[in-house]
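Biologist: I've got a structure open and I'd like to learn how to read its packing. Can you walk me through it?

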Amino acid sequence: MDRELLIEIGVEELPAAWLPGLTKQLAEKLEARLRELRMVPDVPVESYSTPRRLTGVVGRMPERQEDLDEAITGPPVSAAFNAAGEPTPAALGFAKKQGVAFDALERIETPKGTYLVARRRQRGKSAVDALPDLLTGLLRDMAFPKQMHWDAMLEDGRGELVFGRPIRWLLFLYGGRVVPYTIGRMSNAAGPLVQEVTTGAFTYGHRFLATSGRAGRSIKVRTFDDYRARLGEHFVILEHSERRDRIARELELKARKLGGRVALREHAGLVDEVADLVEYPGVVAGFFERSFLELPHEVLTTTLVHHQHYFPVLAEHGELKEAFLAVVNTSPAEERPIAKNAERVVTARLRDARFFWEADRRTKLESRLDRLHTIVFHKKLGSYRDKAERIEKLARWITEQAFGNPAEADNAAKAARLAKADLTTDMVFEFTELQGTMGGIYAREEGLPEQVWKAIYYQYLPIGVEADAPPTKAQLGPAAVTWAAVSLADKLDSVTSLMKAGERATGSRDPFGLRRQMQGIVKTLMDLPELTGVDHEIALTALVDRADPKMVGAPDGWDSAAVVAFGHDRIRYALEQRGFPLGVIRSAVSGHSADNPLRARRIAEALKALEGSEDLRALAVLFKRVKNIARELKGDATLDRAALAEPAERALLDELDARRPRVTAAAGASDYRRAFAEIAGLRAAIDRFFTEVFVMAEDARLRTARLALMADLRDLVLNLADISEIVPQTE
Amino acid sequence: MVTLQQLIFKLSEFWASRGCLLQQPLDIEMGAGTMHPETFLRVLGPDPWSVAYVQPSRRPADGRFGENPNRLFKHQQFQVILKPAPDEVQQLYLQSLEACGIDLRAHDVRFEEDNWESPTLGAWGIGWQVLFDGQEITQFTYFQQAGGIDLSPISVELTYGLERFAMALQDVDNVFDLEWTAGVKYRDVRHRDEVEQSKYAFGQIDMPAAELHRIHRELFEQYYLLSQTLLRSDLALPALDYCLKCSHMFNLLDASGGIGVTERTAYILRVRQLAVAIAKKWAGVEDTEKKEKAEQTK
């Protein structure tokens with residue numbers, strides 16, 4: 001009979017931000033270890049977490065490991081013995097590595113000759129005997145964003161066990177019985193107060209809440225269902241989704257009682273986060289003085305959301321009320337004692353904010369520019385004052401030249417010059433996440449035009465690459481052009497200059513947010529017409545070349561092409577996020593569109609719309625052949641029309657001549673769908689050409705003419721996209 | 001009502017009853033109780049050590065002339081070091097709150113991630129801020145490194161912010177309204193100190209700013225030289241005293257706008273180098289390193 005496996009690692013409070021990742025990791029690593037131990041479960045591994053526990057459960061486990069019977073091929077016999085007939089070091093090494101005596105090695109005949117083989121047979125152990133290795137593997141495998149020493153060790157020869165937080169208990173049940181296992185302690189810590197962690201059939205409930213008796217006592221459990229139920233009785237909700245839904249419900253209920261509502265969708269991330277800060281969520285309402293509502297709502301929201309994890313309460317039309325909702329890890333009989341304390345913190349923070357709000361407005365942004373000298377942007381790239389000067393020039397150039405809108409150039413330049421001034425305000429010093437936003441608000445307070453203040457306000461956006469990622473056209477209003485110029489100028493300057501200074505985004509390390517910023521550039525260019533009404537397909541290369549800052553000590557051989565290549569990657573990413581098929585993306589982000597986000601997007605849309613077209617698919621296959629054969633053309637031969645006489649080649653030439661101007665015109669008008677439709681119309685002629693004409697003719701002139709025809713065809717198509725990529729490799 | 005001084009009694013009594021030695025504040029200006037040798041040096045090396053003490057902590061940049069209800073030039077920390085960190089340390093901590101009169105079931109007490117780091121001490125740890133109904137009342141840290149040295153065993157540091165904790169217990173919104181003892185407010189005891197120290201910290205004195213900066217810089221250099229000399233003379237504890245003096249001079253310079261950005265980093269680095277060298281001297285790491293080298297050359 002298959003039995004249930006239940007593992008709970010009881011820990012001190014893990015950071016909320018880690019829980020989603022750790023929960024996933026637990027299931028994956030548990031499953032991988034089970035496979036490795038030849039105990040493949042016939043049901044999926046499930047995992048759960050709260051701040052104080054990581055739980056894995058396998059509903060039905062095999063009772064024993066499968067027997068091992070494997071043959072590992074080693075060196076060929078010819079290389080296994082020396083002239084004297086003694087085993088070579090290679091052969092001995094192989095035997096040693098496989099843990100087999102040399103004489104026990106077998107031989108196997110293969111088409112390539114006779115090889116040595118190590119055969120390993122091992123009878124599977126019973127699950128109970130194999131499970132300790134499973135837990136060791138799991139404890140070693142779990143990876144944390146930051147790990148800690150806590151004087152623990154395992155007897156697996158590797159010594160110290162680091163972990164995300166100290167482990168305080170281990171529930172380890174197989175078929176309802178405890179699997180014996182121990183985490184040891186380092187010798188210079190071990191003693192009466194620092195003891196081994198030994199597995200048991202016990203879990204622990206909520207720290208403070210209990211229906212009867214003292215909270216925090218151990219609770220005996222037998223099965224997963226029992227475990228989950230007992231935890232529920234002891235004020236621990238095991239499932240994240242259940243905690244989250246409960247929070248959402250309570251928030252709505254409490255907000256309604258206050259005659260308001262909570263923007264749950266906008267704060268979905270916060271709901272998920274607070275659900276991982278608690279085991280038994282409750283919601284408490286608190287209030288602050290009405291006079292604080294005079295502060296900008298961004299300041300109020302940031303204070304509540306980012307600093308306290310509290311939810312603002314909105315009145316009917318979306319304006320803030322003088323109330324907030326706090327998610328707590330309890331279900332208090334009396335709310336007021338908790339609320340009063342929460343109110344004290346909120347009031348203290350709002351009082352600070354009001355002080356900053358009043359003090360900051362006494363100094364205009366323009367007069368803050370000099371202070372930017374004292375804030376370092378990057379040690380090789382100078383201060384934010386230097387950066388402000390660079391982006392002022394760049395924003396002006398983008399508005400005038402790239403957007404062709406000289407009328408807005410002064411506004412864009414001014415916004416760019418003032419964009420970083422808020423880094424010197426007390427508000428941004430205290431509430432870093434309000435950078436940009438505060439600058440915009442202060443600019444508005446100074447009476448600067450909408451084109452200027454909104455460009456500052458939204459400068460750090462966009463963050464997402466989706467078509468509807470903020471800011472929207474409605475939010476931007478008349479500031480759309482100046483915003484796009486400032487946002488692009490700032491990010492282009494950062495990415496280009498930081499990469500020039502040697503900074504790179506590698507793996508999960510991207511301390512300067514290069515990826516995010518390049519995505520911002522790509523997204524803005526990709527949706528430029530919709531956002532700003534500027535219908536220009538702007539290439540990254542032109543912008544990057546313009547942004548390339550003069551820098552002392554730039555590395556030798558610096559080439560801004562690295563920045564463009566980085567952008568190329570982000571264009572693909574943006575299109576992936578927008579759900580385009582991979583083949584379409586590979587086609588679209590190639591050739592002339594590789595560094596042009598808007599063009600790539602439009603081509604991707606056209607190809608996707610034509611996905612069902614039989615002609616286009618067939619042409620894609622033919623095009624691969626065209627590309628391959630055109631490679632045979634040596635040098636730059638112009639098309640020798642007179643040499644082409646076969647009816648099939650004449651027909652193709654005529655089609656090409658007829659369609660070329662139409663393709664060019666359509667592409668020129670950014671009507672890529674029509675351009676591709678024109679190209680798809682070549683299918684029959686190309687098909688016929690390949691059937692009737694032998695390209696590699698004996699006659700050199702004829703061969704060159706035919707190859708040149710292929711090259712012409714190739715160039716016409718590649719000017720748009722490498723459509724050979726839209727068909728899977730196997731076709 | 002728990003007065004501020006009763007709070008100190010209760011915490012002292014609680015931790016003494018759990019085996020902590022009661023120590024006194026170090027009689028030198030410092031920014032945090034961690035810099036006291038009872039923490040900074042005792043967490044090094046293998047010997048068990050449990051200690052508790054109050055440490056007044058000066059943060060010149062936080063001075064607000066006694067006008068801000070939450071910010072102080074000087075506040076008081078109740079510091080507990082437990083080495084090695086006991087398995088039950090979270091429960092012990094929660095019991096200490098109960099000993100101060102908190103009903104844990106009637107409030108929301110949470111451990112939220114907050115790792116601590118001190119660049120000037122070459123020290124860092126993993127831990128939480130303990131939130132009492134959303135207010136931070138304690139920093140709870142498992143030290144991982146001090147003076148650039150990996151720690152073994154691991155110590156736990158509990159730092160109670162006494163003023164904030166007392167404000168929550170007494171339900172007051174202004175630190176100066178705290179009852180120090182029955183009939184005596186925090187204002188009566190400390191307000192003048194806050195006003196005068198803030199004036200000094202922000203250079204509102206009968207001397208041009210440049211002149212004050214010069215004095216602070218010179219003092220820094222003198223203390224630095226003295227600390228280095230004491231260190232060379234194998235006197236780790238006096239060397240630490242003058243290292244802390246340097247740190248305080250740096251804080252004063254920083255608060256009064258006496259240093260630029262790059263210079264600031266350089267100052268921090270110098271204090272850190274000194275602190276690391278002192279930690280190594282105290283722990284005998286240097287001697288061991290020398291011996292090992294000597295043996296290798298043999």
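This is a predicted model: local features need pLDDT of at least 70, side-chain atom pairs count only at pLDDT 80 or more; totals for chains, interfaces and linings use all residues.

Biologist: At what angle do helix α11 and helix α14 of chain A pack?

Modeller: About 40°, with the axes 9 Å apart; α11 covers residues 409-418 of chain A and α14 covers residues 450-457 of chain A. Angles under 35 degrees would count as roughly parallel, so α11(A) and α14(A) are oblique to each other. Their crossing is right-handed.

Biologist: Which residues make the contact between α11(A) and α14(A)?

Modeller: From α11(A), look at A:Asn411, A:Lys414, A:Ala415 and A:Leu418; from α14(A), at A:Gln451, A:Val452, A:Ala455 and A:Ile456. By class, that contact has five nonpolar residues, two polar and one charged.

Biologist: Now the sheets. How do strands pair?

Modeller: Strands of a sheet pair through backbone hydrogen bonds, either parallel or antiparallel. Here, three strands of chain A form an open sheet in the order β4-β6-β5, with antiparallel pairing.

Biologist: Which are the edge strands?

Modeller: β4 (68-76) and β5 (106-110) of chain A, each pairing on one side only. Ignoring direction, neighbouring strands in this sheet are turned by 40° against each other on average.

Biologist: How many bridges link β4(A) and β6 of chain A?

Modeller: Seven, in the antiparallel sense, with β6 spanning residues 113-122 of chain A.

Definitions and conventions:
Residues are numbered from 1 along each chain as its sequence is written. Chains are lettered from A and ligands numbered from 1 in the order in which they are written. Side-chain values use heavy atoms; hydrogens and water are left out. Axes are lines fitted to C-alpha atoms, for helices over the stretch in contact, and angles run from 0 to 180 degrees between N-to-C directions. Helices (H or I, at least four residues) and strands (E, at least two) are DSSP runs, numbered from the N terminus. Angles under 35 degrees count as roughly parallel, over 145 as roughly antiparallel, 65 to 115 as roughly perpendicular and the rest as oblique. A crossing is left-handed if the near helix is turned anticlockwise from the far one by less than a right angle, and right-handed if clockwise. Contact means heavy atoms within 4.5 Å. Ala, Val, Leu, Ile, Met, Phe, Trp, Tyr, Cys and Pro count as nonpolar, Asp, Glu, Lys and Arg as charged, and the others, Gly among them, as polar. Two strands pair if DSSP finds at least two bridges between them.
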